[in-house]
Every structure is written in C-alpha cells, then in structure tokens.
Amino acid sequence: MAVHSELGHGFLEAVYCEALEREFAERKIPFQKEVRLPVLYRGHPLTVFYRADFVCFSSVLVELKAIQRLSGVEEAQVINYLKASGLKRAILVNFGTSRLQYKRLVLDLRQSASSADH
C-alpha cells in the first residue's frame, strides 16, 4: 500500500517491482526477487519455467501487475505459479488502477483433486 500511495497508478510494472523491493528491504521483510519456478511434466522438468516476481518469508508468492483491472487470467497465472513452486499462498497485486487492487489466493490441492472427482 505504501508503494501505491507514493507512486499512484500509471507506471510500468517494473517500476512498482523495484519500489516494492526497496519497501521490503526497508521493512526487513525477507524476500527473493524473480524466483525461477520449474514446470514438471510427468515428474520431469521442462525447459520452460515461470518466474515469480517475489517470494516472501520463503512461503508467500507475490505477483505484481500494472493493468486496468484484474481478471481470471491473472488469477490462473498465479495458481499455476503456486502449483509449480509447491507454495500454498499468494498475493496478486495490481498497481494499474487509481485504488490498489489485491487478491489473496490459497492453493489446496486436496480440495482441488476431490472436486475434480465429482
């Protein structure tokens, strides 16, 4: 929220990414930037991979956007990042609107698997 308050909306995603990196460091939030996430097919890694904007506290994936509005496409992207990383929690943040948008996502593979059976 501090980054959006300071910069507002209208910048490219890279600007918000660098500002958020500085904010994390200032607040002593442990993070990794541009984390490479392998994609497995039948237990074997593919040559393609995803790249998450941040992983904080070694357990929360943070994905940034700077678009007019969030849609199911961005949510699906983050869900795929969670599946690839093995992480369970993510925050999708959109800096592209006049009011900061964010969505918390939780991956529960047991629930997903059981709902697919029905």
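Analyst: Gladly! Let's begin with a term: a nonpolar core is a set of buried Ala, Val, Leu, Ile, Met, Phe, Trp, Tyr and Cys residues joined through side-chain atoms within 4.5 Å. Please keep in mind that this is a predicted model. Its largest nonpolar core has 14 residues, and Leu37, Leu61, Val78, Leu82 and Ala90 are those with the most contacts inside it.

User: Which elements supply at least two residues of this core?

Analyst: They are β1, β2, α3 (72-85) and β4 (89-94). The most comes from α3, which gives three residues.

User: What does Leu37 touch, leaving aside its neighbours within four places in sequence?

Analyst: Leu37 is in contact with Phe49, Tyr50, Ala52, Leu61, Tyr81, Ala84 and Ser85. There is also another core apart from the largest one, with twelve residues, and Tyr16, Phe54, Cys56 and Leu64 are among them.

User: What is the overall layout of the protein chain?

Analyst: The protein chain has four helices and five strands, in the order α-α-β-β-β-α-β-β-α along the sequence. The C-alpha atoms fill a box of roughly 45 × 25 × 25 Å, taken along the principal axes. Of the 118 residues, 29% count as buried.

User: How do you know that strands β1 and β2 pair?

Analyst: Two strands pair if there are at least two bridges between them. Strand β1 (residues 31-41) and strand β2 (residues 44-56) have nine bridges, in the antiparallel sense, so they meet that condition. Tyr41 stands opposite His44 in β2. The two strands form a hairpin with two residues between them, and Arg42 in the turn has a positive phi of about 50°.

User: What makes β2 and β3 a pair?

Analyst: The same test applies: at least two bridges are needed, and three bridges join β2 to strand β3 (residues 60-65), which run antiparallel.

User: Why is the pair of Phe11 and Tyr16 called edge-to-face?

Analyst: A search of the whole structure finds six aromatic pairs. For Phe11 and Tyr16, the ring centres are 6.0 Å apart and the planes stand at 80°. Phe11, Tyr16 and Phe95 form one aromatic cluster.

User: What makes Phe24 and Phe54 an edge-to-face pair?

Analyst: Their ring centres lie 5.1 Å apart and their planes are at 85°, so the pair is edge-to-face. Phe24 lies in helix α2 (residues 13-26) and Phe54 in strand β2, so the pair ties together parts that are 30 residues apart in sequence. Both Phe24 and Phe54 are buried.

User: How do you know that Arg36 lies over the face of Phe49?

Analyst: For Arg, CZ must be within 6 Å of the ring centre and within 35 degrees of the ring normal. Arg36 lies over the face of Phe49 at 3.7 Å from the ring centre.

User: Why does Lys65 count as buried?

Analyst: Lys65, in strand β3, has 11% relative accessibility, so Lys65 counts as buried. The cut-off is under 20%.

User: What makes the meeting of Lys65 and Gln77 a polar contact?

Analyst: A polar contact needs a pair of N or O atoms within 3.5 Å, with one able to donate a hydrogen and the other to accept it. The side chains of Lys65 and Gln77 make such a contact at 2.8 Å.

User: Why is Leu105 called buried?

Analyst: Leu105 is in strand β5 (residues 101-106). At 8% relative accessibility, Leu105 counts as buried. The C-alpha atoms of Leu105 and Ile91 are 6.1 Å apart, although 14 residues separate them along the chain.

Technical notes: Residues numbered from 1 in each chain as written. Predicted model: local features only at pLDDT ≥ 70, side-chain atom pairs only at ≥ 80, totals over all residues. Heavy atoms only, no water. Phe/Tyr/Trp six-rings, centres within 6.5 Å; stacked < 30°, edge-to-face > 60°. Buried < 20%, exposed > 50% of the residue type's maximum accessible area, 1.4 Å probe, protein only. Contact = heavy atoms within 4.5 Å.
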